[in-house]
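User: I would like to go through the labels attached to this structure. Please give me the value behind each one.

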Amino acid sequence: MNEKSNLPAPRKFLSWFNPVGRQTGGWAFILNRITALGLTLFLYIHLLVLGKLAQGPNAYDSFVRLTHQPLFIFGELLVVAAAFLHGLNGVRIVLTTFGISVPYQKQFFYALMTLAIIAIVIFGYHMFTS
Amino acid sequence: MSDNKWNITLKIHRQKEDQPPYFQEFHLEVDPDEYVLDAVERVWAFMDRTLCFRHACHHSTCGACGMRVNNVEKLTCITPIRAVTQDGGVIKVEPLRNFPVVSDLVVDMSNLYARMEMVGAKAVLPVTQAEIERPPATWPADAEQYLRLTDCIECGLCISACPSAATSPSYLGPAVLAAAQTVGLTAETLPIVDSEDGLWRCHSAFECTAVCPSAVDPARRIMNLRQQVVRQRLSSLLKKS
Amino acid sequence: MNTASAPKSGENVWIWLLKILTGPLLFVLLGIHLIVNHLVGKEGVLRYAEVISYYNNPVIPLMEIIFLATVVTHSLTGLRSIILDLKPSRSILQILDLLFLLAGISAFLYGTRLIMIIAAVQ
């Protein structure tokens with residue numbers, strides 16, 4: 001009996017991110033997982049970078065000047081996007097977990113992601129024009 | 001049944017013993033209102049008798065004919081060809097995921113059946129406990145005596161679709177957890193579902209409910225069971241103090 | 001298939017509850033954090049002097065410390081769930097749990113110390 005191809009496998013973690021054949025909830029799962037990993041990475045980088053505050057005004061303010069560069073702002077926008085997507089998808093997860101709106105989880109996902117996109121656009125506009 | 005015939009290609013997953021798997025194409029003339037299972041059966045009957053596939057009732061009651069059709073889990077006996085392709089199109093047919101392949105389209109479901117038994121899955125339930133859609137506002141006094149077959153036909157589509165089941169064979173899976181919810185939280189089921197391979201490995205992907213052909217709605221049942229377990233654990237914790 | 005036994009060290013009720021309760025809490029805390037840090041200042045990103053001045057209000061360091069604890073908890077319990085899906089063996093899981101605990105505690109201590117330093121500057 002060939003046990004290779006169809007079995008679950010711990011190292012199949014790339015299959016988490018495979019959208020083929022998935023439906024709405026599956027995409028939500030993928031999105032949530034990717035944004036979770038991205039935000040975790042950001043969290044620790046952010047904490048380290050803030051250490052510069054303890055080095056005094058010169059070190060920190062020169063870093064602040066760096067944050068005005070477009071590439072940096074774009075990076076920050078990615079973080080904002082990830083936060084909105086993860087957070088609003090999280091709202092759907094919390095609601096369905098406590099039994100609210102379970103039959104409407106698909107519609108909820110679309111509505112919340114639309115909200116997220118609107119929020120990201122608004123934030124992006126403000127971040128790039130100030 | 002309509003008169004027009006379609007020419008389609010079935011791209012079927014083949015795998016024998018320890019040989020590497022491959023796809024084999026078969027060209028057929030079919031009636032588009034027939035079902036994918038009919039096409040597979042015709043391939044077996046007239047083109048290749050070595051093709052292995054599972055089927056029995058042909059009316060979505062036995063749960064034997066679950067396969068992945070164009071990457072989506074389906075019960076092939078109720079999947080019209082019209083729904084998955086067009087004239088001249090290709091239908092890709094693969095076995096379910098997350099079960100070991102025995103041969104071609106047949107997978108070994110013994111793990112699922114064993115777990116359903118372990119959790120005490122019921123074949124029938126009194127109609128008052130069956131959580132049917134649109135129950136009456138009040139059940140008549142003698143309603144308990146009327147029994148109803150439980151919805152789950154143990155077809156395994158949910159386990160094939162579940163991303164958590166894709167990473168470990170020990171995850172109980174949506175079907176088993178849903179069955180446990182119909183049994184209810186008892187001294188036997190509680191440690192099974194509140195375990196490291198139980199309820200907490202669900203990540204709300206809802207793929208199970210999306211592919212279930214029998215309206216079991218495993219995702220809702222898993223959520224419901226979680227609430228019951230949390231309530232149970234919290235109240236026992238508070239009682240101790 | 002030994003699942004019919006007492007809860008083991010993988011995912012369980014309490015860790016899961018922690019994750020799902022810190023989530024909504026973060027909605028509020030992250031919202032406050034973003035407003036205070038990015039909408040109050042003139043240019044979006046505050047300069048050193050601006051940070052010092054608003055950290056003098058004791059509510060701010062308190063809020064930031066609570067926010068830090070919540071976000072580190074949510075992030076690490078979430079990360080742990082993702083890694084649990086890879087089915088590490090019991091011994092590897094014990095090591096990983098230790099690493100998570102260390103990462104969480106050190107992140108919290110580091111951040112809190114940083115907050116206290118900033119709050120102490122006049």
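Predicted model: local features only at pLDDT ≥ 70, side-chain atom pairs only at ≥ 80, totals over all residues.

User: Which residues meet where α3(B) and α5(B) touch?

Analyst: α3(B) brings Leu112(B), Arg115(B) and Met116(B). Facing them in α5(B) are Ala175(B), Val176(B) and Ala179(B). By class, this contact has 5 nonpolar residues, 1 charged and no polar.

User: Is Arg90(C) buried or exposed, and how do you know?

Analyst: Count the neighbours. Arg90(C) has 9 other C-beta atoms within 10 Å. A residue with 12 or fewer is exposed. So Arg90(C) is exposed. Its place is in helix α4 of chain C. The C-alpha atoms of Arg90(C) and Gly10(C) are 8.6 Å apart, although 80 residues separate them along the chain.

User: What share of chain C is buried?

Analyst: Of the 122 residues in chain C, 21% are buried. The cut-off for that label is 20 or more other C-beta atoms within 10 Å.

User: What pattern does chain C follow along the sequence?

Analyst: The pattern is α-α-α-α. Chain C has 4 helices and 0 strands. Among its contacts with a separation of 6 or more, 85% join residues 24 or more positions apart.

User: How many residues of chain C are in contact with chain A?

Analyst: 24 residues of chain C contact 22 residues of chain A. On the chain C side, the elements that give two or more residues are α1 (13-39), α2 (48-55), α3 (59-84) and α4 (90-120). The largest share comes from α4(C), with 6 residues. That side of chain C divides into 16 nonpolar, 5 polar and 3 charged residues.

User: Where in chain A is confidence highest, and where is it lowest?

Analyst: Confidence in chain A is highest in helix α1 (residues 24-50), at a mean of 92. Helix α2 (residues 57-66) of chain A is lowest, with a mean of 80. For chain A as a whole, the mean pLDDT is 84. In that chain, 91% of residues reach 70 or more.

Technical notes:
Residues numbered from 1 in each chain as written. Chains lettered and ligands numbered in written order. Contact = placed C-beta atoms within 7 Å. Nonpolar A, V, L, I, M, F, W, Y, C, P; charged D, E, K, R; others polar. pLDDT = per-residue confidence, 0-100.
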